[in-house]
Amino acid sequence: MLEKINLLFAEISELKVNGPEELESFRLRFLSKKGQISDLFEEFRNVPAEDKKEIGQKLNLLKQSALDKYNLLKSEMLISDTGSRAEDLSRPAVPYSLGSRHPISIVRNEIIDIFRRIGFTVSEGPEIEDDDHVFTKLNFAPEHPARDMQDTFYISRISAEDSNPGDILLRTHTSSVQVRVMQGQKPPIRTISPGRVFRNEAISARAHCIFHQVEGLYIDENVSFADLRQTLLFFAREMYGKDVRIRLRPSYFPFTEPSAEMDISCTICGGKGCNVCKYTGWVEVLGCGMVHPAVLESCGIDSKKYTGFAFGMGIERPAMLKYQVNDLRLYFENDIRFLEQFRTAF
Ligand code: PHE
């Protein structure tokens with residue numbers, strides 16, 4: 001018995017395996033229930049009592065060394081396995097060609113970032129909308145010219161003559177998203193809605209039938225026009241530099257009262273006058289105002305308790321100023337020679 005154990009010891013310590021199949025036959029031969037070591041344990045029962053101690057120790061040692069060898073061979077195999085798959089770790093990687101962001105996305109993200117810093121959330125809504133969310137709930141009179149076929153792309157109309165809240169159309173502004181937010185949330189509301197909008201305009205260097213907006217909405221108790229002005233001043237300074245000046249001119253929107261348009265001092269000439277600002281020193285950037293009480297009420301918000309402000313701006317115009325793009329159509333053509341120029345931007 002002792003001799004058998006010694007022979008097996010020698011055999012196991014010298015054994016070499018090649019590949020997982022041989023490793024498995026090593027296991028079957030020595031370590032499985034029907035393997036040679038188990039056989040020896042079987043035989044061990046018949047060993048005379050006086051030899052049991054010595055032989056038992058040897059047998060246990062044999063079993064342990066077979067197990068150690070098996071585990072060692074197995075881990076070596078795993079290492080060489082991964083090694084063969086990534087043979088040359090110093091080889092240069094496959095060249096990665098980075099794309100570039102679209103200038104409209106760059107400017108949109110910049111605007112979102114600025115308002116995020118002062119607690120505005122981002123809301124999105126559908127591009128295909130109904131008249132109710134785009135016009136009716138926003139206090140547009142039934143005969144308002146913006147609802148006219150000349151401005152709005154209709155998908156289906158209930159009546160050829162009259163506007164109807166059920167008409168389906170492409171949204172002409174993202175104020176429709178704000179209607180959805182007001183219907184679904186309770187004040188305080190602080191949100192901006194970036195998105196694509198559609199108006200039926202002749203396409204030229206200065207106008208397009210698709211463009212992008214970011215609109216903002218703030219509703220709480222005691223929100224005032226001063227809050228609106230200060231928020232817009234903060235935005236203008238972050239966006240156009242700390243020396244920029246703003247001015248608010250009275251204007252009209254059905255959904256705000258009072259309404260205003262905001263100009264910034266021309267960033268090209270600093271207000272002295274150039275062809276970008278048409279020698280006025282000012283560039284118009286957004287529309288704004290206090291949310292009309294009728295709009296709050298139509299969206300289920302108590303206009304006696306809450307007030308709010310709203311504003312909306314296009315993205316194309318500021319992006320034109322920033323990157324000196326002189327034709328709006330370039331934004332939509334996806335010409336790679338144009339897009340590649342924004343590679344270093346993010
Ligand atoms: N919805 C307006 C537009 O598309 C912009 C605007 C939004 C004006 C909010 C005032 C308040 O021109």
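Gln 324 sits in the loop that runs between H10 and helix H11 (330-333). In this predicted model, Gln 324 has a positive phi of about 50°, although it is not a glycine. That is worth a second look, since most residues other than glycine have a negative phi. Is Gln 324 buried or exposed? With 65% relative accessibility, Gln 324 counts as exposed, because the cut-off for exposed is over 50%.

Asn 222 also has a positive phi, of about 60°, and is not a glycine. You can find Asn 222 in the loop between S6 and H8. Its relative accessible area is 71%, so Asn 222 is exposed.

## Two cis peptide bonds

Now look at the backbone beside two prolines. Most peptide bonds are trans, but the one joining Pro 187 and Pro 188 is cis, with omega at about 0°. Pro 188 belongs to the loop between H7 and S5.

Another cis bond runs from Glu 257 to Pro 258, with omega near -5°. Here the proline is found in a strand, S8.

## Around the ligand

Which residues come nearest to the ligand? There are 13 residues around it, and His 173, Ser 175, Arg 199, Gln 213 and Glu 215 come nearest. Sorted by type, the shell has five nonpolar, six polar and two charged residues. Strand S6 (210-220), strand S9 (282-291) and strand S10 (307-314) each supply at least two residues of this shell, and S10 gives the most, with three.

An N or O atom in the side chain of His 173 is 3.0 Å from a ligand nitrogen. In the side chain of Arg 199, an N or O atom is 2.9 Å from a ligand oxygen. For Glu 215, the distance from a side-chain N or O atom to a ligand nitrogen is 2.7 Å. Taken alone, the ligand exposes 320 Å², and the protein buries 89% of that.

## Helix H7, largely enclosed

Helix H7 covers residues 175-184, and seven of its 10 residues are buried, so the helix is largely enclosed by the rest of the structure. The buried ones are Ser 175, Ser 176, Val 177, Gln 178, Val 179, Val 181 and Met 182.

What do the buried residues of H7 pack against? Their partners are strand S2 (128-130), helix H6 (131-134), strand S5 (189-198), S6, helix H9 (293-298) and S10.

## The nonpolar cores

The largest nonpolar core has 45 residues, and Ile 111, Ile 264, Leu 286 and Phe 311 have the most contacts inside it. Several elements supply at least two residues each to this core, including helix H5 (103-117), helix H8 (225-240), strand S8 (256-265), S9 and S10. Beyond its neighbours within four places in sequence, Leu 286 is in contact with residues including Leu 232, Phe 235, Met 262 and Phe 311. A second, separate core of 21 residues includes Val 134, Phe 135, Leu 217 and Ile 301.

Leu 233 is found in helix H8 and is buried, with a relative accessible area of 11%.

Ser 32 lies in the loop between helix H2 (19-31) and helix H3 (36-44). Although in a loop, Ser 32 counts as buried, at 14% relative accessibility. Not counting residues up to four places away in sequence, Ser 32 touches Arg 27 and Ser 38.

Notes:
Residues are numbered from 1 along each chain as its sequence is written. This is a predicted model: local features need pLDDT of at least 70, side-chain atom pairs count only at pLDDT 80 or more; totals for chains, interfaces and linings use all residues. Side-chain values use heavy atoms; hydrogens and water are left out. A residue is near a molecule or strand if one of its heavy atoms lies within 4 Å of it. A polar contact is a pair of N or O atoms within 3.5 Å; within protein, one must be able to donate a hydrogen and the other to accept it, and residues adjacent in sequence count only if both atoms are side-chain atoms. Accessible areas come from the Shrake-Rupley method with a 1.4 Å probe; for residues, only the protein chains shown count as cover. Helices (H or I, at least four residues) and strands (E, at least two) are DSSP runs, numbered from the N terminus. Ala, Val, Leu, Ile, Met, Phe, Trp, Tyr, Cys and Pro count as nonpolar, Asp, Glu, Lys and Arg as charged, and the others, Gly among them, as polar. Buried means under 20% relative accessible area, exposed over 50%, partly exposed in between (1.4 Å probe, protein chains only). Contact means heavy atoms within 4.5 Å. A nonpolar core is a set of buried Ala, Val, Leu, Ile, Met, Phe, Trp, Tyr and Cys residues joined through side-chain atoms within 4.5 Å.
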